[in-house]
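The report keeps to geometry and contacts.

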Amino acid sequence: MALTYEIIEQMLKEKFGDQVSGFVISYGMLEFEAPKEMNLKVLNFLYDDPALQFQFLTDLTGVHYPDQPGRELAVVYHLHNLKENVRLRFKVFSDIQQPDVYT
């Protein structure tokens with residue numbers, strides 16, 4: 001069975017519940033977010049799960065959103081499952097006063 005965005009979203013919601021949110025298709029790619037404290041758990045799940053296998057980090061980007069108080073900074077992971085040729089975008093946001101994101 002092909003890996004679809006619906007399957008990925010369902011697996012993430014089953015594993016993390018309401019900790020993952022904001023699922024949208026943006027520029028042809030699934031995008032979602034989680035609290036910054038969850039980033040490594042989500043990334044490890046996406047990497048280790050045999051059905052997902054997002055084992056290639058295409059890009060790691062920092063973004064500044066000055067008009068979003070409490071969410072001024074974002075770390076954006078662009079991940080790629082090379083076997084299925086599926087990409088996704090995972091975002092974590094941070095307050096500018098505490099910009100630390102463990103990665």
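The text below goes through the sheet, the helices packed on it, and then the lysine.

The model is predicted, so local features need pLDDT of at least 70 and side-chain atom pairs count only at pLDDT 80 or more, while totals for chains, interfaces and linings use all residues. Residues are numbered from 1 along each chain as its sequence is written, and side-chain values use heavy atoms, with hydrogens and water left out.

**The sheet**

An open sheet of 5 strands has the order β1-β2-β5-β4-β3, with mixed pairing. At its edges are β1 (21–26) and β3, each of which pairs on one side only. From one strand to the next the twist averages 20°. Strands (E, at least two residues) and helices (H or I, at least four) are DSSP runs numbered from the N terminus, and two strands pair if DSSP finds at least two bridges between them.

| Strand pair | Sense | Bridges |
|---|---|---|
| β1 and β2 | antiparallel | 4 bridges |
| β3 (residues 56–64) and β4 | antiparallel | 8 bridges |
| β4 and β5 (residues 86–94) | antiparallel | 9 bridges |

G62 has V75 of β4 as its bridge partner, and H80 is opposite R87 of β5. The hairpin of β4 and β5 has 4 residues between the strands, and N85 takes a positive phi near 55° there. Strand β4 (residues 73–81) is mostly covered, with 8 of its 9 residues buried; buried means under 20% relative accessible area, with a 1.4 Å probe and protein chains only.

**The helices on the sheet**

Contact means heavy atoms within 4.5 Å; axes are lines fitted to C-alpha atoms, for helices over the stretch in contact, and angles run from 0 to 180 degrees between N-to-C directions.

**K36**

K36 lies in the loop between β2 (29–33) and α2 (39–48). What is the nearest side chain of opposite charge to K36? That side chain is E37, 5.1 Å away, and the buried K36 has no salt bridge (a side-chain nitrogen of Lys or Arg within 4 Å of a carboxyl oxygen of Asp or Glu). The K36 side chain instead reaches the backbone oxygen of Q98 at 2.7 Å. Leaving out residues up to four places away in sequence, K36 touches V92, F93, S94, Q98, D100 and V101.

Technical notes
Buried means under 20% relative accessible area, exposed over 50%, partly exposed in between (1.4 Å probe, protein chains only). Lys and Arg count as positive and Asp and Glu as negative; His and the chain ends are not counted. A polar contact is a pair of N or O atoms within 3.5 Å; within protein, one must be able to donate a hydrogen and the other to accept it, and residues adjacent in sequence count only if both atoms are side-chain atoms.
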